[in-house]
Structures are given as C-alpha cells and as structure tokens.
Amino acid sequence: MKLAFVFRTAPHGSSVAREGLDALLAATAFCNEDEIGVFFLDDGILNLIPNQNPEVILQKDFTAAFKLLDLYEIENRFVCEESAQYAFIEAQSIIDVEPLSYQQWLSQLQKAEKIFTF
C-alpha cells in the first residue's frame, strides 16, 4: 500500500474530514485502487454514520460521498473495532469497512509508505 488516509476527526464542525475525502478522491487519479488504504479511528468513525443532519448546524452533508470509494474500487477500508463499538456504528456504516482490533489496525497502517491524517 502506497498511501493511507486516516480519518480521526468528526465530519462536521470543521472542514478537516471533507478536505481528507477530497484528497483521497484526488489520489485515485494517480494511484491504483489497491495502493490506497482508508482508515477510521476515534471521532473519524462518525464519518460512517448514515442519515446525518448537518443542515441543523448550517453544514453540508458530504459523508455520502464516501460511497464513491465503491465506484473507485478502493477496497482497503479499515475501522478500529474499539472506536466503532464506542460509537455503536458496527451495523449501520454507510460503506463496507473491515473492523480490526487496534493492534491489527496499526499493523495494516504500517504497510503504507505515506500516511495522511485528517
């Protein structure tokens, strides 16, 4: 894996997660889909929750754009089990992600040549 994109921030309240998704989608133009990994940890797993209503805080809902990972055939998608259990999102993620223990998650992340954190 060449590039890893780590999402650690909540989707709304700042533009960090949106900028990460933009960078991830831009990277698909330069790398093969098997060279990109997407990792969710801590508040970043909140990007995976469906049916959010960010309009209430005057934000746009961009999280549905994570479904583009299917279109771009990016299948290396991992979520930390501990974080997912904390947020109770295991059964309701907007995209398929592979749940891993924190140690397994780190092991996958260490395979990347470059890591971008958002």
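The structure is a predicted model, in which local features need pLDDT of at least 70 and side-chain atom pairs count only at pLDDT 80 or more, while totals for chains, interfaces and linings use all residues. Residues are numbered from 1 along each chain as its sequence is written, and side-chain values use heavy atoms, with hydrogens and water left out.

Asp70 and Arg77 form a salt bridge, with the closest N and O atoms 2.9 Å apart; the term denotes a side-chain nitrogen of Lys or Arg within 4 Å of a carboxyl oxygen of Asp or Glu. Asp70 counts as partly exposed, at 43% relative accessibility.

Next, select strand β3, residues 76–80, where four of the five residues are buried. Helices (H or I, at least four residues) and strands (E, at least two) are DSSP runs, numbered from the N terminus. Two strands pair if DSSP finds at least two bridges between them. Show β2 beside β3: the two run parallel and are joined by four bridges. Within this pairing, Phe78 in β3 is the bridge partner of Phe39. Then show β4 (residues 98–100), which also runs parallel to β3 and is joined to it by three bridges. Here Cys80 stands opposite Leu100 of β4.

Now turn to the other salt bridges; a search of the whole structure finds four. Select Glu35 and Lys2, whose closest N and O atoms are 3.8 Å apart in one of these contacts. Because Glu35 lies in the loop between α1 (16–27) and β2, and Lys2 in the segment before β1 (3–7), the pair ties together parts that are 33 residues apart in sequence. Glu35 is buried at 18% relative accessibility, whereas Lys2 is partly exposed, with a relative accessible area of 36%.

Move on to Arg8 and Asp42, whose side chains meet in a salt bridge at 2.4 Å, N to O. This pair links distant parts of the chain, 34 residues apart: Arg8 is in the loop between β1 and α1, and Asp42 in the loop between β2 and α2. Arg8 is partly exposed at 41%, as is Asp42 at 36%.

Finally, select Leu58, in the loop between β2 (36–40) and α2 (68–71). Leu58 is exposed, at 77% relative accessibility.

Methods
Buried means under 20% relative accessible area, exposed over 50%, partly exposed in between (1.4 Å probe, protein chains only).
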